[in-house]
Every structure is written in C-alpha cells, then in structure tokens.
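Please look over the model below before reading my points. Keep it open as you go.

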Amino acid sequence: MHIKKLLIANRGEIAQRIIRSAREMGIRTVAIYSEADRKAPYVRLADEAICIGPPPSAQSYLHMDRIIQTALDLHVDAIHPGYGFLSENATFAQKVADAGIIFVGPSPHAIATMGDKLKAKQAVSRYGIPLVPGTEEPITDMLKAKQIALEIGYPILIKASAGGGGKGMRIVENADDFEAQMKRAASEALSAFGDPSVFIEKYITSPKHIEIQVLGDQHGHIVHLFERECSIQRRHQKVVEEAPSGTLTEDIRLKMGEAAVKVAKACDYYGAGTVEFIVDKDLNFYFLEMNTRLQVEHPVTELITGKDLVREQLLIAEGKPLSFTQADLQIRGHAIEIRVYAEDPENNFLPDTGTLITYRPPMGPGIRVDDGFEEGMEIPVFYDPMIAKLIVHDENREKAILRMIRAINEYRITGVKNTLAFCKFVMEHTEFRSAAFTTKFVENHYLPESLEPSFSSVEKKALAAFVGCWMDDQKINGPSHPSTADQKKRSQWKNRITHG
Ligand code: ADP
C-alpha cells in the first residue's frame with residue numbers, strides 16, 4: 001500500500017515536522033487545527049487544512065470521531081498522531097483501522113500493553129529484562145503493600161499504572177507516611193487518568209534516565225538506534241536531551257540495545273518506539289516503560305544516525321520492510337536538544353503565556369530548530385507550552401555543547417518567559433560538562449539566581465527606549481486595540497527591561 005494522503009492529528013512543531021517528511025516523500029498532507037491555532041505555520045504548510053473545533057483539546061485534538069470523519073471526507077489514506085493527544089490511545093488506533101485508514105504507529109494491542117505501566121512490566125518480565133524492584137500487580141491490600149515496601153526498603157515511589165507525563169508519582173520516605181500517601185495517590189490517579197490502580201517501585205536515588213530508540217517493521221525485523229540521555233528534568237519531565245550518552249560504555253550500550261529490542265518483541269512491536277530505562281551509578285539498568293510513538297526528543301537520534309524517523313514510520317506503515325539492519329547503523333558525532341518552553345525558570349517553571357514580541361531562531365552550521373510559532377503569535381493557554389526545540393550536532397560532545405551555547409546566545413525571544421537562559425546554565429555547569437549528572441541535577445544545582453540576565457545592557461537600553469516611545473505614542477494617538485492582558489504584559493515587560 002502506498003500512502004498518497006496523510007492527515008496529521010496533532011498541532012505545532014510536530015505537525016510541521018511530519019508535514020516536511022511527508023512532502024519529501026511526495027505525500028499530500030492535511031492539517032487539522034483548533035480555533036486557537038488558526039494562524040499557526042503548520043496550518044499554512046499543509047496542502048489542506050480543516051478547523052476541527054474550539055480550543056479545548058477535548059473538543060478538537062482529542063475528538064476521535066470528528067478527526068476520523070474528517071479523514072474519511074477528505075479521502076485520506078493514513079493518520080499520523082504525532083506525540084501526546086491521541087498518539088498512545090489504543091481505542092483511537094483501532095477506530096482508525098476500523099474506518100479503513102492506516103494508523104501510523106504500532107498495533108492497538110501493543111499500545112494497550114505498553115500504555116499500562118504494570119501490564120508492560122508483566123509483559124517484559126518473561127524476557128529476562130531487569131525491572132526496578134517493586135509490585136507487579138495493582139495494590140489492593142494495604143497491609144501486604146506496606147510489608148512489600150519494607151522489604152524493598154524506603155524511599156519508595158508510588159506510581160499510577162495509567163500515569164504519564166511525569167504525573168501521578170509520589171515519593172514516600174518512611175513507613176509512617178505510607179498509608180496516607182497511597183490513598184492520595186489512588187484518588188489522584190482516578191481523577192487524572194480515570195483508573196485508580198497504583199503500584200510501588202523502589203525509588204532509585206540519583207539515577208540517570210536513558211532510553212533506547214527502536215524501529216520495527218511489520219515483518220518481524222526490529223533494530224535499535226542507540227540511546228538518548230534525558231536526565232536533565234524538572235517535575236520528572238525532560239528539558240535537555242542528548243545522544244549518545246556521555247557515560248555509557250560500549251558494552252552497556254550493546255546490552256541496553258539488546259534489552260530494548262527484546263521489550264519490543266514482547267509485544268510484537270512495529271513502528272517507532274522508545275524503551276525507557278533508569279540507570280544507577282554502577283550502570284545497572286532497569287526497564288521503566290515503553291512509549292509507543294515518536295518521542296519529542298527524536299531529532300537527536302536522527303542527527304547521530306542520519307535516519308529520518310518520520311520517514312521510517314511512514315514506510316513501515318505502508319508495510320515496507322526496513323531498508324537497513326543493525327549492522328548498518330552507526331553513531332556519528334554528538335547531538336543535543338534543548339526544549340524551549342514558555343515557562344518561568346525563576347518561578348518554579350510555571351507556564352507563561354503571551355505574545356512573542358520578538359522571535360528570531362538561531363541559524364548556521366549544525367543547527368536545527370523545530371518550532372511551531374512565528375514572531376507576533378500568541379502562545380495559547382490550552383496546550384503544552386513548548387515554543388520550540390533547538391537541536392545541535394557536532395563531531396563530539398564538547399564541540400556540541402559549545403555550539404549549543406552559541407545558538408542559545410543567538411536565539412532572540414521577548415514577550416514570553418522561557419527556558420533559554422536556564423538551558424545555557426545547564427550547558428555551562430561543570431557537572432553537565434562532566435556527563436556524570438543525574439535526574440537530581442535541577443534539585444541539586446539550580447537556583448533562580450544562577451541565571452544570567454537575559455539582555456545585555458545595550459539591548460536593555462534600546463528596548464526601554466522602544467517601550468517608552470510606544471507608551472508615549474499610545475498617550476497621543478490612543479490605544480491601538482491592546483487587550484488588558486497585552487497592556488499588563490507590556491507594563492511587566494517594561495519593568496523587566498528596566499529592572500531585569
Ligand atoms: P511518565 O510516564 O509519567 O513520564 P516514567 O515512569 O517515565 O513516568 O518516569 C518519569 C521520570 O520519573 C523518570 O525519568 C525518572 O526521572 C523518574 N522516575 C521514575 N521511576 C523512578 C524510580 N523508580 N526511581 C527514581 N526515579 C524514577
């Protein structure tokens with residue numbers, strides 16, 4: 001089967017990313033968008049674009065039946081779900097298949113197995129994959145669970161079986177807190193994921209998060225495309241990723257790659273997927289979960305392997321066999337990605353919204369920017385606050401870090417607080433440079449005061465003069481329809497320039 005027309009059931013940078021590969025393959029594209037995304041660049045980039053509903057996700061990007069009906073109306077052959085939204089929803093994958101459309105992703109069975117953390121652990125335990133010590137069933141008996149927690153040893157982590165996105169996790173330091181935390185975790189899991197099942201795991205203090213990219217075709221071939229190191233996290237969520245890891249030995253890399261392929265085999269996997277591991281200081285690794293979709297951080301793997309993962313996903317969905325074997329794959333150089341979020345690193349990384357008054361991404365050798373916005377656009381409050389991903393590639397880790405610092409210095413974003421200065425702090429930190437950092441990096445080393453002011457004194461003077469003129473102009477000519485939010489932002493903005 002040859003895909004001629006593809007609908008992208010997603011938005012922003014990932015929709016744009018998918019459209020680009022599809023176009024290179026001669027596939028026509030359909031973008032869907034909510035009313036909040038009307039002006040987004042991906043909407044213009046696609047061959048056709050359809051408004052799918054109002055801004056809230058439940059009425060637009062998560063509205064399965066409307067999306068499938070749109071695909072049928074426009075005679076689409078395949079739907080790519082991107083990441084987030086419906087990408088790991090087995091019901092959606094099944095409904096797409098039932099409508100006679102190709103779902104660009106694994107089978108509904110693989111999604112259902114791996115989408116549930118406990119089912120996933122059960123499925124892979126038969127294949128001798130090391131698991132974090134913990135319970136293998138949802139907890140129903142509090143006394144028994146308390147006994148197991150004692151055997152495992154505190155601290156322990158309570159996790160929601162249906163959890164994701166760093167949500168639904170609670171660390172318990174000692175037995176006295178166990179019962180209260182369990183009850184809280186179960187009720188949180190029920191309200192957030194509609195499933196109260198929770199289980200416990202040993203809390204590994206100061207681990208690394210290292211994951212392996214896999215690709216499998218529909219003919220039983222599965223390969224891995226090496227690792228990504230994703231230990232720089234805030235709120236259990238990644239913000240800096242790189243490939244390869246600066247600390248893995250060749251031997252462990254091989255073992256983790258083999259383990260990831262076995263995990264994929266455990267659910268007859270096809271498509272692109274990621275097997276996540278937690279790695280302790282002695283480089284013992286334990287299976288965490290498998291993500292059955294394209295990952296946000298996939299570009300670092302593309303840069304070190306030279307493979308276009310979206311293209312591979314589309315070829316696999318068409319039923320083509322992989323055109324390369326494990327032996328054909330090699331690591332070339334080093335790649336780092338930072339996520340540029342509209343968040344305030346000086347205030348606990350709280351999401352920020354507003355208008356991108358200035359937006360100028362960096363350019364030049366070895367730089368890739370996957371973004372979804374343009375200067376003058378609003379960052380909507382309804383979705384994930386990621387503005388862009390900045391990815392660099394160079395021949396080794398040290399050079400890639402220097403290139404990333406150069407690129408961050410070139411990036412110009414004003415009007416919205418963002419994570420650029422924080423990521424520069426990471427790049428310059430001795431522990432990051434040593435590659436020996438863990439998921440505790442932010443907690444152990446980062447203080448808001450550590451950040452460099454984001455503007456040079458010359459820029460501040462120029463911007464202050466600009467805002468001053470603008471305000472004078474408003475007094476003379478009256479407002480040029482600024483909303484109250486805009487006015488508030490501008491006066492905050494003025495304060496930031498004069499006091500920042
Ligand atoms: P989610 O699906 O919500 O992203 P994960 O199971 O992938 O949850 O875990 C997210 C992050 O939480 C990991 O990258 C790691 O930083 C931390 N984490 C998860 N399990 C453990 C554990 N057993 N011990 C220590 N940290 C953990």
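This is a predicted model: local features need pLDDT of at least 70, side-chain atom pairs count only at pLDDT 80 or more; totals for chains, interfaces and linings use all residues.

1. Find Thr 301. This residue sits in helix H10, which spans residues 298-305. Is Thr 301 buried or exposed? Its relative accessibility is 0%, so Thr 301 counts as buried. The cut-off for buried is under 20%.

2. Now look at what Thr 301 touches. Leaving out residues up to four places away in sequence, its contacts are Gln 213, Leu 225, Arg 228, Gly 306 and Leu 309.

3. Next, the cavities. How many of 30 Å³ or more turn up in the whole structure? The search finds 2. The largest cavity holds about 50 Å³ of space.

4. Take the largest cavity. Among the residues lining it are Phe 103, Gln 218, Tyr 270 and Ile 316. Strand E12 (271-279) and helix H11 (309-317) are the elements that each give two or more residues to this lining. H11 gives the most, with 3 residues. By class, the lining has 6 nonpolar and 4 polar residues, and no charged ones.

5. Turn to the second largest cavity. Its lining includes His 80, Ser 87, Thr 292, Arg 293 and Leu 294. Here the classes are 5 nonpolar, 6 polar and 1 charged. Domain 1 (5-104) and domain 3 (208-451) each supply at least three residues to this lining.

6. Finally, check Phe 103, Val 104, Gly 105 and Gln 313. These residues line the largest cavity, and they line the second largest cavity too.

Methods. Residues are numbered from 1 along each chain as its sequence is written. Side-chain values use heavy atoms; hydrogens and water are left out. Helices (H or I, at least four residues) and strands (E, at least two) are DSSP runs, numbered from the N terminus. Buried means under 20% relative accessible area, exposed over 50%, partly exposed in between (1.4 Å probe, protein chains only). Contact means heavy atoms within 4.5 Å. On a 1 Å grid over the protein atoms alone, a cavity is a set of points where a 1.4 Å probe fits but cannot get out, and a pocket is an open set with protein on both sides within 12 Å along at least five of seven lines; lining residues have an atom within 4 Å of a point. Grid points are joined across faces, edges and corners, and a volume is the space filled by probe spheres set on the points. Ala, Val, Leu, Ile, Met, Phe, Trp, Tyr, Cys and Pro count as nonpolar, Asp, Glu, Lys and Arg as charged, and the others, Gly among them, as polar. Domain bounds come from an automatic or database domain assignment.
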